[in-house]
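Here are a few friendly notes to read alongside the model. Please keep the view open as you go through the points.

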Amino acid sequence: MPKHDTPMLDELEKGPWPSFVTDIKRQAAQSPQCWDILGQLELSFKDKITHWKHGGIVGVFGYGGGIVGRYSDVPKQFPGVAHFHTVRLAQPSGMYYSTKKMRAICDLWQKYGSGMTNMHGSTGDLVLLGTTTDQLEPMFYEMTHDLNQDLGGSGSNLRTPSCCLGMSRCEWSCYDTQALCHFLTMHYQDEIHRPAFPYKFKFKFSGCPNDCVAAIARSDFAVIGTWKDDIRIDQAAVKGYMKGDFKANAGAHSGRDWGKFNIQTEVVDLCPTGCMWMEGETLKIDNANCTRCMHCINVMPRALRPGVETGATICVGAKAPILDGAQFATMTIPFMKIDAESEYSDVVDAIEKIWDWWMEVGKNRERVGETIQRVGLPTFLTVMGVDILPQHIREPRSNPYVFWKEEEVEGGWTRDVKEFRKRNAQ
Amino acid sequence: MALSKEELKAAILEKAKTAPKPQLYIKDFYACDPDAKPRDVKNIANDLVKEGKMMFWSSGSTTMYAMPDRIKNEETRHE
């Protein structure tokens with residue numbers, strides 16, 4: 001039986017879509033504290049203000065992340081959610097896990113928490129919603145000893161690294177995203193479990209420029225697969241697409257009749273850099289001008305494939321905050337070989353250069369992308385030891401991105417300019 | 001590092017004890033030894049947590065450090 005009247009929330013059950021209100025009511029049959037979630041949310045709708053307080057000293061011993069303290073600011077009215085902490089569990093690379101494992105996690109949460117989950121949080125963690133401080137240590141013990149499962153990151157920690165399915169299912173993956181994600185997760189255990197930085201720091205790994213984990217939009221350090229050589233073309237398959245032997249986009253948009261496939265309007269004319277053209281029935285690509293947008297490869301996957309000299313582009317500094325403006329990552333290192341044999345030493349070097357600089361220069365609660373914006377891209381690229389390229393700049397023909405240093409100017413900043421002009425009159 | 005590990009631990013504890021606010025960012029401890037690398041200061045602050053002399057306080061998005069007595073008093077005051 002409902003514990004509180006929730007007329008406004010009840011409205012959310014009336015549409016044709018799935019309703020979280022119905023889900024919570026169903027869960028409340030087993031976990032009565034869930035009635036208080038609905039009661040408090042109804043009050044928040046009425047007051048037009050949240051009644052959650054977050055933050056505190058909750059956690060498990062030895063860990064400085066993975067648990068987010070959450071309290072009600074009206075605990076007498078809603079005692080079931082007076083303490084309602086969130087637990088983040090690290091997801092496996094590519095989010096592959098068995099239904100057996102998922103059931104075990106749900107059973108664990110039914111035992112120690114509200115039973116409510118969020119699969120998955122935006123960083124990818126398996127998010128378990130709602131428990132009390134006294135349940136944390138026993139839950140953590142059972143989780144680590146019986147389920148072989150670890151907590152994810154929170155606070156000023158390295159957040160749980162996340163990757164796309166990569167080579168396990170995708171022929172476009174330019175490196176093994178899952179292997180790199182797993183390696184760095186194990187390599188930086190201390191940074192995941194204990195605070196290390198001025199603010200949060202996120203890694204995300206995408207196997208190709210389709211960027212299925214949206215690394216470029218959401219991560220401080222985005223590793224996005226790319227290739228150095230030419231797009232591989234099967235001209236016979238190109239002709240097959242033109243004749244209608246193969247469905248465009250591998251049939252992904254076949255729910256509607258789009259008419260006959262037209263390679264000129266659907267592929268060549270949509271190339272953002274105009275680097276493709278047809279010579280009769282032969283497709284030509286000026287690969288030097290390709291920006292790896294993936295459109296042509298997505299449309300004709302049987303005919304076009306990424307090149308064979310593969311690696312990744314490193315982009316730094318994205319953030320997707322709720323309150324402040326979102327920011328895309330900046331392309332920092334155009335091409336890096338992703339080499340498992342060297343234990344990904346180039347990736348590790350790049351990460352640690354960023355961390356050493358940001359820990360010193362970054363302000364409290366400042367993401368690395370905001371630090372880069374504050375000090376300027378040339379300074380950051382100098383720290384990274386990267387030569388500035390026109391591709392680092394949005395409009396290189398109109399933006400004076402070359403800045404001289406004093407030691408590069410004959411006579412330095414104090415030279416006699418009049419004297420110089422006498423010899424170099426324009 | 002100009003200070004030894006033990007001296008830096010003592011300086012961090014002194015800062016945590018006397019600062020006006022009970023919770024401090026890791027950067028607040030950098031001044032305890034300006035010659036120390038930020039990562040060394042972080043490692044020593046985390047050692048103090050392992051020893052039970054400091055505690056983590058987390059908002060969920062940021063983590064700060066605090067002396068157990070000071071932060072527990074602060075938390076109780078809000079309950």
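1. Ile224(A) sits opposite Thr313(A), a residue of β14(A). This is a predicted model, in which local features need pLDDT of at least 70, side-chain atom pairs count only at pLDDT 80 or more, and totals for chains, interfaces and linings use all residues. Residues are numbered from 1 along each chain as its sequence is written, while chains are lettered from A and ligands numbered from 1 in the order in which they are written.

2. In chain A, strands β9 (residues 221–227) and β14 (residues 310–316) run antiparallel and are joined by 7 bridges. Strands here are DSSP runs of E with at least two residues, helices are runs of H or I with at least four, and both are numbered from the N terminus. Two strands pair if DSSP finds at least two bridges between them.

3. The open sheet of chain A has 5 strands in the order β7-β8-β9-β14-β15, with mixed pairing. β7 (162–163) and β15 (330–336) of chain A each have a single partner strand, so one side of each is left without a neighbour in the sheet.

4. Where is Ala252(A)? Its place is the loop between α9 (235–243) and α10 (263–266) of chain A. Ala252(A) is exposed because 11 other C-beta atoms lie within 10 Å, and exposed means 12 or fewer, buried 20 or more, partly exposed in between, with C-beta atoms placed from the backbone.

5. Over in chain B, Ile44(B) belongs to helix α2 (residues 38–50). Ile44(B) is buried, with 21 other C-beta atoms within 10 Å. The C-alpha atoms of Ile44(B) and Lys9(B) are separated by 6.6 Å, although 35 residues apart along the chain.
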